[in-house]
Amino acid sequence: MATSTLAASARHLLSADGFNRVVHLVQRDNDGVDEPLAVRIVDEALKFTAAAGRSTGRHLRPSKLVDMGWHALILRTAMYRELCSGLGRFVDHRPEGPKTLRRDADTLDRTMEAIQDAGYEPDAYLWGSLADSEIHAGDCMHSECTEGGSGCAAPPIV
């Protein structure tokens, strides 16, 4: 897909009120995140969720900053369920511990490619190592679980 045809934002995936509520959660739960940054984070979390909803068999992971937005989306359970339903499949959340962390540039590059495949332009700063180092956040990925939550195995490192 050509870069010029990619959407800059995924805000349309939520109502304006819903988007603002998620932005508020990002700010509430993450010291030092101002509203403009929180808006960018939530927009990228929506792009990530859209990409993960369309991608199967790919090991995708949000950057640390984007993970803040994804967590805030998930906390709005009904909204998140409706978002995923509109995307075609539920994007399960699976936090990883120190022994299974596989954060590397290839994984983030693959995730940004999946975002582009979903029709969105990733915000490069929020996916870069500088942003990840500036604000602390958790480490998570979407799962490739089978229906009902069974069959959740860590995806292979590619």
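# Briefing on a predicted model

Leaving aside neighbours within four places in sequence, Asp 123 is in contact (heavy atoms within 4.5 Å) with Arg 40, Glu 44 and Lys 47. The model is predicted, so local features need pLDDT of at least 70 and side-chain atom pairs count only at pLDDT 80 or more, while totals for chains, interfaces and linings use all residues. Residues are numbered from 1 along each chain as its sequence is written, and side-chain values use heavy atoms, with hydrogens and water left out.

## Overall make-up

- The protein has 6 helices and 2 strands, where helices (H or I, at least four residues) and strands (E, at least two) are DSSP runs numbered from the N terminus.
- Starting at the N terminus, the order of these elements is α-α-α-α-β-α-α-β.
- Of the 158 residues in the protein, 47% are buried (under 20% relative accessible area, with exposed meaning over 50% and partly exposed in between, for a 1.4 Å probe and protein chains only).
- Among contacts in the protein with a separation of 6 or more, 78% join residues 24 or more positions apart.

## The loop between helix 5 and helix 6

- Asp 123 has its place in the loop between helix 5 and helix 6 (129–134).
- Asp 123 counts as buried because its relative accessibility is 18%.
- Tyr 120 also lies in the loop between helix 5 and helix 6, and Tyr 120 is buried, with a relative accessible area of 8%.
- Apart from residues up to four places away in sequence, Tyr 120 touches Leu 6, Ala 7, Ser 9, Ala 10, His 12, Leu 13, Lys 47, Ala 50 and Ile 115.
- Between the C-alpha atoms of Tyr 120 and Glu 44 the separation is 9.3 Å, although these two residues are 76 residues apart along the chain.

- Not counting residues up to four places away in sequence, Leu 46 touches Ala 10, Arg 11, Leu 13, Leu 14, Phe 19, Leu 73 and Leu 83.
- In soluble globular proteins, nonpolar side chains tend to be buried together.

## Helix packing

- Helix 2 packs against helix 3 at an angle of about 80 degrees, with 8 Å between their axes (lines fitted to C-alpha atoms, for helices over the stretch in contact, with angles from 0 to 180 degrees between N-to-C directions).
- Helix 2 is therefore roughly perpendicular to helix 3 (65 to 115 degrees, with under 35 as roughly parallel, over 145 as roughly antiparallel and the rest as oblique).
- From helix 2, Ile 41, Glu 44, Ala 45, Leu 46, Phe 48 and Thr 49 make the contact with Leu 65, Val 66, Met 68, Gly 69, Trp 70 and Leu 73 of helix 3.
- The contact of helix 2 with helix 3 has 9 nonpolar, 2 polar and 1 charged residues (Ala, Val, Leu, Ile, Met, Phe, Trp, Tyr, Cys and Pro are nonpolar, Asp, Glu, Lys and Arg are charged, and the others, Gly among them, are polar).
- Helix 3 (residues 64–75) also packs with helix 4 (residues 77–87), at about 105 degrees and with axes 5 Å apart, which means that helix 3 is roughly perpendicular to helix 4.
- Here Trp 70, Leu 73, Ile 74 and Leu 75 of helix 3 meet Thr 77, Tyr 80 and Leu 83 of helix 4.
- The residues of the contact of helix 3 with helix 4 divide into 6 nonpolar, 1 polar and no charged.

## Aromatic pairs

- The count of aromatic pairs comes to 3 (rings of Phe, Tyr and Trp, the last by its six-membered ring, with centres within 6.5 Å; planes under 30 degrees apart are stacked, over 60 edge-to-face and the rest tilted).
- Phe 48 and Trp 127 form a tilted pair, 6.5 Å centre to centre with 40 degrees between the planes.
- Phe 48 lies in helix 2 and Trp 127 in the loop between helix 5 and helix 6, so this pair ties together parts 79 residues apart in sequence.
- Phe 48 and Trp 127 are both buried.
- The pair of Tyr 80 and Phe 90 is edge-to-face, because the ring centres are 5.5 Å apart and the planes stand at 85 degrees.
- Tyr 80 is in helix 4 and Phe 90 in the loop between helix 4 and strand 1 (93–95), 10 residues apart.
- Tyr 80 counts as buried at 3% relative accessibility, whereas Phe 90 is partly exposed, with a relative accessible area of 47%.
- Phe 48, Trp 70 and Trp 127 are linked into a cluster by ring pairs.
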